[in-house]
Amino acid sequence: CGVFGIYGHPEAANMTYLGLYSLQHRGQESCGIVASDGHSLRAHRKSGLVADVFRDPVLFERLPGQSAIGHVRYSTAGGNDEKNCQPIMVDYVRGSIAVAHNGNLINAQELRNELEQLGSIFSTVADTEVIIHLLARTQSDSLSERIADALRRVRGAYSLLFLTETRMVAVRDPNGFRPLILGKLDGAYVVASETCALDLIEAEFIREIEPGEMIIIDKKGLHSLFPLEVAQPSPCIFEYIYFARPDSTIFGREVYGVRKEYGRQLAREFPVEADVVVPIPDSGVPAAIGYAEQSGIPFELGLIRNHYVGRTFIEPQQSIRHFGVKIKLNPVREVIEGKRVVVIDDSIVRGTTARKIIKMIRHAGAKEVHVRISSPPTSYPCYYGIDTPTRTELISSSHSIEEINRYITSDTLGYLSIEGLLKATCGSENLEQCHFCTACFCGRYPLKFPRLKDDRQLG
Ligand code: 5GP
Ligand code: SF4
Ligand code: MG
């Protein structure tokens, strides 16, 4: 998911709309904006893309005020029902509050059972709703204390934005799994999942919100606190591999350069004699450029993407996924015919994409197909907000690289090593301080989860 918020801007809802537009890659299922005019909150949320949900300009007249938060969603926890759209907004004894969440809470089910026993009535199936219930129950007086009280009970990944009538609060979990960025536009403060959202509205980048940090913004200005238990930060390395936009700077580095370095490292680890390096667009492009630069093999666009098709992986229905690849990609015969082709992608999840693409490339006359993946084999599910499937669906959880090579019908297959991944991310001289979550590759989860992911509910 992606979050965006702005405080103290005359066109808060408009700016949030633009911010969400630039974060669309983080979730295409639903989106929403909640705005405050200083007295009350108003919301518009719906299934669909930002451009479709906010098509009618009249909507912006119905979202007046100088502050707003917004959300783009792809379902990890919670179904894809309209009532699960975010930001969630409620009225309770202290007034109104809205919350937008990127991440996934690993003890949401336990907390929900407990709260239901105490009489809470939930209106969504989203993990995020437990935060609202916890917050409503605490006795603390200040908003920041109430939020902190609630968050001290939840475990997992959360980059959160809260909006009340008069305040905006941003919080990043102590592990800092998901990015969260602070910026400024004229006098207004801006918070967003990625810097590409700041660029679009021409806001200035101030800094990242730190793991465990809470930032409260009101008419007196900005106030920073660290009210949560301290943990060893473990930002999600998959943000670099795939999820974030390459023109964003997150966790202190520009994603594009990191991805290119993955390709260079991959060329060092798995060189091959070939005629052409071809990325699987768009996610494989920066790594393919790096691979081509390092190996000296020419880079070519041998697969052309139809840009009017969404990300197949994120389509929540298996039946649509099945057609995805062919709808999306078509080979350029001239580039491929008679050639030894190195095909670069960022990851293999189920293996269906790679298998279909290799078939397509062979059909276009390739002599050899060598697949290189700019991340290690994805063998374990993510519990921290990336919608990887269950273990049984992850091809590398039960198959060796040799078996996957046979399944996807490549001549050779190479994956970036975990050491290579970390080296390329932090530089070999900084490996000691290179703390990232790599659990989906190595199975060492930085936060222990109370229940196994045996269904998609946990996300
Ligand atoms: P597969 O067919 O192996 O399941 O899918 C692999 C492809 O899915 C890769 O090209 C990768 O870029 C793309 N992809 C799209 N969304 C995601 C995601 O959220 N996680 C992962 N691991 N891959 C994704
Ligand atoms: Fe990211 Fe993988 Fe860790 Fe999930 S398990 S937070 S996708 S590195
Ligand atoms: Mg891809």
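A polar contact, as the term is used in these legends, is a pair of N or O atoms within 3.5 Å. All views come from a predicted model.

**View 1. Ligand 1 and the residues that come nearest to it.** Let's start with the shell of 13 residues around ligand 1, where Tyr-242, Asp-345, Asp-346, Arg-350 and Thr-353 come nearest. Sorted by class, this shell holds 5 nonpolar, 5 polar and 3 charged residues.

**View 2. Polar contacts of ligand 1 with Gly-351, Thr-352 and Ser-283.** Look for the backbone of Gly-351, where a polar atom is 2.8 Å from an oxygen atom of ligand 1. The side chain of Thr-352 has an N or O atom 3.0 Å from an oxygen atom of the ligand. From Ser-283, a polar side-chain atom lies 3.0 Å from an oxygen atom of ligand 1. On its own, ligand 1 has 520 Å² of accessible area, and the protein covers 94% of that. Helix 8 (238–243) and helix 13 (352–363) are the elements that give two or more residues to the shell.

**View 3. The surroundings of ligand 2.** Here you will find four cysteines, Cys-236, Cys-382, Cys-437 and Cys-440, around ligand 2. Arg-178, Ile-237, Phe-238, Tyr-384, Ile-386 and Ala-439 also belong to the surroundings of this ligand. By class, the shell has 9 nonpolar residues and 1 charged residue, with no polar ones.

**View 4. A hairpin of strand 12 and strand 13.** Strand 12 covers residues 214–218 and strand 13 covers residues 221–225; the two pair in the antiparallel sense over 5 bridges.

**View 5. Two cis peptide bonds and a positive phi.** Gln-86 and Pro-87 are joined by a cis peptide bond with omega about -5°, and Pro-87 lies in the loop between strand 4 (67–73) and strand 5 (88–92). Another cis peptide bond joins Pro-281 and Asp-282, with omega about -10°; Asp-282 sits in the loop between strand 16 (276–279) and helix 10 (285–295). Asp-186, a residue other than glycine, has a positive phi near 50°. The loop that holds Asp-186 runs between strand 9 (181–185) and strand 10 (188–192).

**View 6. Residues 452–459, with pLDDT under 50.** The protein chain has a mean pLDDT of 93, and 93% of its residues reach 70 or more. Over residues 452–459 pLDDT stays under 50, and the model has 32 contacts beyond four places in sequence for them. A friendly caution: where pLDDT is low, the predicted coordinates should not be read in detail.

Definitions and conventions: Residues numbered from 1 in each chain as written. Chains lettered and ligands numbered in written order. Predicted model: local features only at pLDDT ≥ 70, side-chain atom pairs only at ≥ 80, totals over all residues. Heavy atoms only, no water. pLDDT = per-residue confidence, 0-100. Contact = heavy atoms within 4.5 Å. Pairing = 2+ DSSP bridges. Helix = DSSP H or I, 4+ residues; strand = E, 2+ residues; numbered from the N terminus. Near = heavy atom within 4 Å. Nonpolar A, V, L, I, M, F, W, Y, C, P; charged D, E, K, R; others polar. Polar contact = N/O pair within 3.5 Å; in protein donor to acceptor, adjacent residues only side chain to side chain. Areas by Shrake-Rupley, 256 points an atom, 1.4 Å probe, with all protein chains shown as cover.
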